[in-house]
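Here is a friendly briefing on pockets, strand pairing and aromatic contacts. Please keep the model open while you read.

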Amino acid sequence: MNSQLTDRLNDALASLDSVPVARVTGRLVKVNGLMLQAVGCRFKLEQRCLVETAEGDMIEAQVVGFDHTIAYLMPIRRLGGLFAGAKVVPLDGDSTVLISHQWLGRVVNGLGEPFDDGPAFKGGDRVSLEPRAINPLKRRPVDTPLDVGVRAINGLLTVGKGQRIGLMAGSGVGKSILMGMITQNTEADVIVVGLIGERGREVREFVERNLSPEARKKAIMIVAPADESPLMRLRATLLCHRVAEYFRDQGKDVLLLMDSLTRYAMAQREIALSLGEPPASRGYPPSVFSILPQLLERAGNSDNQQGSLTAIYTVLAEGDDQQDPVVDSARAILDGHVVLSRQLAEQGHYPAIDINASISRCMSACTQEVHTTVSNQFRQLYSNYLQVKELLPLGGYQPGQDPELDRSVQMYPQMKAFLQQSANEAVDYRTSLTELAQLFQTL
């Protein structure tokens, strides 16, 4: 009798494992634009949640703030079918994504889902979107030049492997074209392209026009067009960096191109203003300028002796103002900047790089001294010519009075030709240095 009772008791205890555990859920109490308000549950900041719809589907959202017992959520996808009192289910764990070599040659969205007509991804390494902390003292220095296929950058603004640089210009000056040239011509094992907050038609145009068949095989495009929610744009930006970090840690030379950093800042501004954060500088709240260094510091070399992560960001200067808050903040954080001039673009000068306003802070660390000397000499002569350019048509400049100015005026046509390059032309690093040396006849 006792043995039967013991057996029944053991069976009852074993069956407890199959009994579903109750889950505490919240409820939706208010929808204000893109901001959802939920109560009745203990939510954590940046926690993912599922919100019930009238059709029985679940919309994924994320906690972006709270006020006493009210949690503020923002949906990752578009809203639709929400109702008062809808169930809000908090999810455990951090945001993760499965990454593998199947991503190469594909176009995905901010959730890591295929955006093209290709097959679904199967398997891979599950990694968190949160970055791995790297001791700054253990980061591998930038000491090797990177060939970007653009003569003006290779010769005068040399970029190193692991450097972070910004392409800064107003709208319609040629940022996307220059980024496409770099994408096609750069020697990298993996290319990660992030189109954040840009026009939807540019996605297909970038794939068909700016990616050669060879570049497309090693490129990963992560897309969040302008009509996506601000949270999706933020998530796509984080995914760009996480994918680039993943392949860098595998020993690959990775090139990350993101268009644009300004749209990322605007997405954060939308969220912050919806939460009631006061604007500080031209409508941007303080939180925007605190997340920019957190994002940009993820790029660059790691403590691994193999692999590199070079990042190039386009930064939109609203109204061609180089003192725009986002432009000024990015310029202070990045390792260099390439400024595109609208005046040069209107003259048909492409790429419209303003050499005097641009700089590569890592150039001296990854080039030989003679290269740096010739580059500085080019800048000096080009600057001297610009000082007297407006006087030449008026006859205000008389040759023979200043030999340095005379040389600048004489060499300007050759310097201008060196700076110009067609979109379908590729000039490698060695050729760029040879043409620069021939220009001065010093090497």
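Which residues lie nearest the centre of the second largest pocket? They are G174, K175, S176, I177 and E202, out of 30 lining residues. This is a predicted model, in which local features need pLDDT of at least 70, side-chain atom pairs count only at pLDDT 80 or more, and totals for chains, interfaces and linings use all residues. Residues are numbered from 1 along each chain as its sequence is written, and side-chain values use heavy atoms, leaving out hydrogens and water.

**Pockets**

- A pocket here is an open set of points on a 1 Å grid over the protein atoms alone, where a 1.4 Å probe fits, with protein on both sides within 12 Å along at least five of seven lines; lining residues have an atom within 4 Å of a point.
- The second largest pocket has a volume of about 650 Å³, a volume being the space filled by probe spheres set on the points, which are joined across faces, edges and corners.
- Helix α3 (175–185) and helix α4 (201–210) each give two or more residues to that lining, and α3 has the largest share with eight; helices are DSSP runs of H or I with at least four residues, and strands are runs of E with at least two, numbered from the N terminus.
- The largest pocket has a volume of about 1100 Å³, and among its 40 lining residues E46, Q62, E130, L238 and Q294 lie nearest the centre.
- In the largest pocket, α6 supplies the largest share of the lining, eight residues.

**Strand pairing**

- β1 (residues 26–32) and β2 (residues 35–39) pair in the antiparallel sense over five bridges, where pairing requires at least two DSSP bridges.
- L28 has A38 of β2 as its bridge partner.
- Two residues separate β1 and β2 in a hairpin, and G33 in the turn has a positive phi of about 65°.

**Aromatic contacts**

- The whole structure holds eight aromatic pairs, meaning rings of Phe, Tyr and Trp (its six-membered ring) with centres within 6.5 Å; planes under 30 degrees apart are stacked, over 60 edge-to-face and the rest tilted.
- F378 and F418 form a tilted pair, 5.7 Å centre to centre with 50° between the planes.
- F378 in helix α12 (residues 369–388) and F418 in helix α13 (residues 403–419) are 40 residues apart.
- Both F378 and F418 are buried, that is, under 20% relative accessible area with a 1.4 Å probe and protein chains only.
- The ring centres of F378 and F440 are 6.2 Å apart with planes at 65°, so this pair is edge-to-face.
- Ring pairs link F378, Y382, Y385, Y412, F418 and F440 into a cluster.

Conventions: Buried means under 20% relative accessible area, exposed over 50%, partly exposed in between (1.4 Å probe, protein chains only).
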